[in-house]
There are 2 protein chains.
Amino acid sequence: MPDSLPSDSVGLVSPQTIHFNAPIDLACGQSLENYDLVVETYGTLNADASNAILICHALSGHHHAAGYHSMEERKPGWWDSCIGPGKPIDTNRFFVVSLNNLGGCHGSTGPGSVNPSTGKLYGPDFPVITVADWVKSQARLADHLGIQQWAAVVGGSLGGMQALQWSLDFPERVRHAVVIASTPRLSAQNIAFNEVARQAITSDREFHEGRYYEHDVLPRRGLMLARMVGHITYLSDASMGEKFGRELREEAYKFGFDAEFQVESYLRYQGERFSESFDANTYLLMTRALDYFDPAYEHGGDLSKALAPAQCEYLVLSFSTDWRFSPERSEEMVNAMISARKKVSYAEIDAPWGHDAFLIPTPRYTDIFTAYMDRVAREVGA
Amino acid sequence: MPDSLPSDSVGLVSPQTIHFNAPIDLACGQSLENYDLVVETYGTLNADASNAILICHALSGHHHAAGYHSMEERKPGWWDSCIGPGKPIDTNRFFVVSLNNLGGCHGSTGPGSVNPSTGKLYGPDFPVITVADWVKSQARLADHLGIQQWAAVVGGSLGGMQALQWSLDFPERVRHAVVIASTPRLSAQNIAFNEVARQAITSDREFHEGRYYEHDVLPRRGLMLARMVGHITYLSDASMGEKFGRELREEAYKFGFDAEFQVESYLRYQGERFSESFDANTYLLMTRALDYFDPAYEHGGDLSKALAPAQCEYLVLSFSTDWRFSPERSEEMVNAMISARKKVSYAEIDAPWGHDAFLIPTPRYTDIFTAYMDRVAREVGA
């Protein structure tokens, strides 16, 4: 809890829920008759609505990207390091829109919402969602907000996939796409880790085939395990070594299976906390959206062909120790962009924190991100 | 099932059970009054018992390292690629001893054995075992077999840790220690993956605090998950990509949570098969033995000090794409050996298969291993 709000914070913010009454057809063949999206905005939309930035969230993210919901909130929004007055996404210049995606568990319509056709919670009946579905729903959000073209669509990890998809599905509505710590498609290893997470959740006896709400229980252990596996892949071996090493909780080995090493209790704690705040069905949906994302798929695996319609400029950033979506995956994207004659700026940032580095400000990351966004602001007169 | 046995196979082999009646004190403070070790041997012990090689197994390994138990056996022992007539560990020259370790689930005394003090199966009451405990029990096995000094103690992964520990605990009884794809201690990331595996097992409702035998059930889902996680860490991102890529089982996305990608069904299959053939309590013990291994621990973290008593020569081998126990971990070991004035040969083998590469013969691996073992054989007149 901050005593006073930092001067470079967007300050106290309130989410708003926007109801969309028109049906949305999804890639899976199903549709939603209507849906809600929970949104936060920071900064002011200028007169010609040219200074809007869309923030797309990653697997466990949500709409609360910056600022504080109250003076009692312990931590600011998840990307507060990059969004605020004077920060890379400068809210003195940009109007920033951040939402919770469809299928989410932070207020937007998802598995924990009432299915209007049954009057019960969706649970496992919530349709499988793709990155393209999110982009479609975000385009409607742009319509609602009167934004014809985003100055930039920005995201890290799964969020970067949405930025990329925007540039392909609505080329004329994206001036810049900022794709951070992302990949044009999951590798077999990435899918494998997701599959372990899903199996952990669905194996939990309290999962009840996704209808745990009706049983008044939660598949806590499964979700905890899923998060533990995920968490390991967000960090680098080196940063875990730096943070925990082989440090013991007590002085000597106890020769048992209680948490003895600090890293064990840290992971258990993170997993348990997550299992109390996140919805298991949403976790399944988000990991599946990751698996399916592959814009090159319909172009015989040729990403540069998939990129043909794009009209935006790209900023692609990767992090040296990210082994979940390694720099090589970003380079693949950049190569395809160049081969498709697109404008792209690329940097691999040296940072020890693995995939999580995209959430942690470091001088070179901040400098490059700031300089690029400054150019975006100048272009749109912000 | 081979139609006929390959000429470079040790052929049909039979395990034997050796009963040890003297109590063994363990690192955890407990002791076993008596115990069995299941053993296979290949080749012939020479007159002065100088040509004996001890094979130490890894996490899920056992005594059946080479040859076939019957003409019906589909696959030979787990390290048949390296043990046999004319192979790196040449059974025309060496007498090879391979055992199932204490705590194992392939016939040696372990959690599935009867606890003589209760008349029931040990289950979770089986003491936590360390690498040093295994080495102590293996030394008794050497006594039993009349082997004063091993020509070499050889192992990969957790097996390599045993080879290293032998050189420290019984310096005069080891001529050569061959440490393959191993590490002098687990990293925080390694421990974290082990912890996920253990949590998966102990979270399974059928685990019953380790007393699942008494309930006539098995914690299959937990063990399956544990194996799935483990399996991912044994392979490289590249080799999984090579083997599975993003290949689908059917032609198009089905937008659901059944296995759609080949890698999903492969992992599920491997996990399920493992969960039917391996004991969950043993899995817990083996991962904990990995966690605890750290010979430098009692020497203020200085591995070269820990190595001071060693008299053997070392061969250390690592594999370029092994990210579980990377070449850097082997180099750490080699540096400490050099700094402790020990004789050590080291090679990093270029191989795409990650940690599993130690089980897969490649020309440079086979050549180096063969040349080194030839020198060992010559030294002992074999």
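This is a predicted model: local features need pLDDT of at least 70, side-chain atom pairs count only at pLDDT 80 or more; totals for chains, interfaces and linings use all residues.
Which residue forms a salt bridge with Arg211(A), and how far apart are the closest N and O atoms?

1. **Two domains in chain A.** Start with the layout. Chain A splits into domain 1, made of 14-184 + 294-378, and domain 2, which runs over 188-286.

2. **How the domains meet.** In chain A, 33 residues of domain 1 are in contact with 26 residues of domain 2. Together these two domains bury about 2300 Å², and 59% of that is on carbon and sulfur atoms. If you want to know who does the work on the domain 1 side, look at Leu59(A), Trp323(A) and Arg324(A): they supply 29% of the area domain 1 of chain A buries against domain 2 of chain A, more than any other three residues.

3. **Back to the opening pair.** Arg211(A) has Asp125(A) as its partner, with the closest N and O atoms 3.1 Å apart. The count of salt bridges between domain 1 and domain 2 of chain A is one. There are also ten residue pairs in polar contact across this domain interface, with both residues at pLDDT 80 or more. As for the make-up of the domain 1 side that touches domain 2 in chain A, you'll find 17 nonpolar, ten polar and six charged residues.

4. **Chain A against chain B.** Now zoom out to the two chains. Their contact takes 59 residues from chain B and 59 residues from chain A. Chain B and chain A bury about 5000 Å² between them, with 64% of it on carbon and sulfur atoms. On the chain B side, Arg246(B), Phe255(B) and Phe257(B) supply 15% of the area buried against chain A, more than any other three residues.

5. How many salt bridges are counted between chain B and chain A? The answer is eleven. Arg205(B) forms a salt bridge with Glu206(A), and their closest N and O atoms are 3.1 Å apart. The rule for polar contacts finds 34 residue pairs across the interface of chain B and chain A, both residues being at pLDDT 80 or more.

6. **Which helices of chain B are involved.** The elements giving two or more residues to the side of chain B that touches chain A are α3 (188-203), α4 (220-234), α5 (237-243), α6 (262-277) and α7 (280-292) of chain B. Of these, α3(B) gives the most, with twelve residues. By class, the side of chain B that touches chain A divides into 32 nonpolar, ten polar and 17 charged residues.

7. Over all chains, the count comes to 41 salt bridges. Have a look at Arg93(A), which forms one with Asp374(A), the closest N and O atoms being 2.7 Å apart. This pair links distant parts of the chain, 281 residues apart: Arg93(A) is in the loop between β7 (89-90) and β8 (95-99) of chain A, while Asp374(A) is in helix α10 (residues 363-379) of chain A.

8. **What the UniProt record marks.** An unreviewed UniProt entry places the feature "domain: AB hydrolase-1" at residues 52-359 of chain A. Over residues 52-359 of chain A, the chain is 36% helix and 12% strand, and the end C-alpha atoms are 21 Å apart.

9. **The annotated sites.** The unreviewed UniProt entry gives the annotation "active site" to Ser157(A), Asp322(A) and His355(A). These three span 199 residues in sequence, yet no two of their C-alpha atoms are more than 10.7 Å apart, so they gather at one spot. Ser157(A) is in the loop between β9 (152-156) and α2 (158-169) of chain A. The annotation "binding site", also from an unreviewed UniProt entry, covers Arg227(A) and Asp356(A). You'll find Arg227(A) in helix α4 (residues 220-234) of chain A.

Methods. Residues are numbered from 1 along each chain as its sequence is written. Chains are lettered from A and ligands numbered from 1 in the order in which they are written. Side-chain values use heavy atoms; hydrogens and water are left out. Domain bounds come from an automatic or database domain assignment. Contact means heavy atoms within 4.5 Å. Buried area is the accessible area (1.4 Å probe) that two parts lose on being put together, summed over both. A salt bridge is a side-chain nitrogen of Lys or Arg within 4 Å of a carboxyl oxygen of Asp or Glu. A polar contact is a pair of N or O atoms within 3.5 Å; within protein, one must be able to donate a hydrogen and the other to accept it, and residues adjacent in sequence count only if both atoms are side-chain atoms. Ala, Val, Leu, Ile, Met, Phe, Trp, Tyr, Cys and Pro count as nonpolar, Asp, Glu, Lys and Arg as charged, and the others, Gly among them, as polar. Helices (H or I, at least four residues) and strands (E, at least two) are DSSP runs, numbered from the N terminus. UniProt positions are given in the numbering used here, feature names are shortened, and annotations may be inferred rather than shown by experiment.
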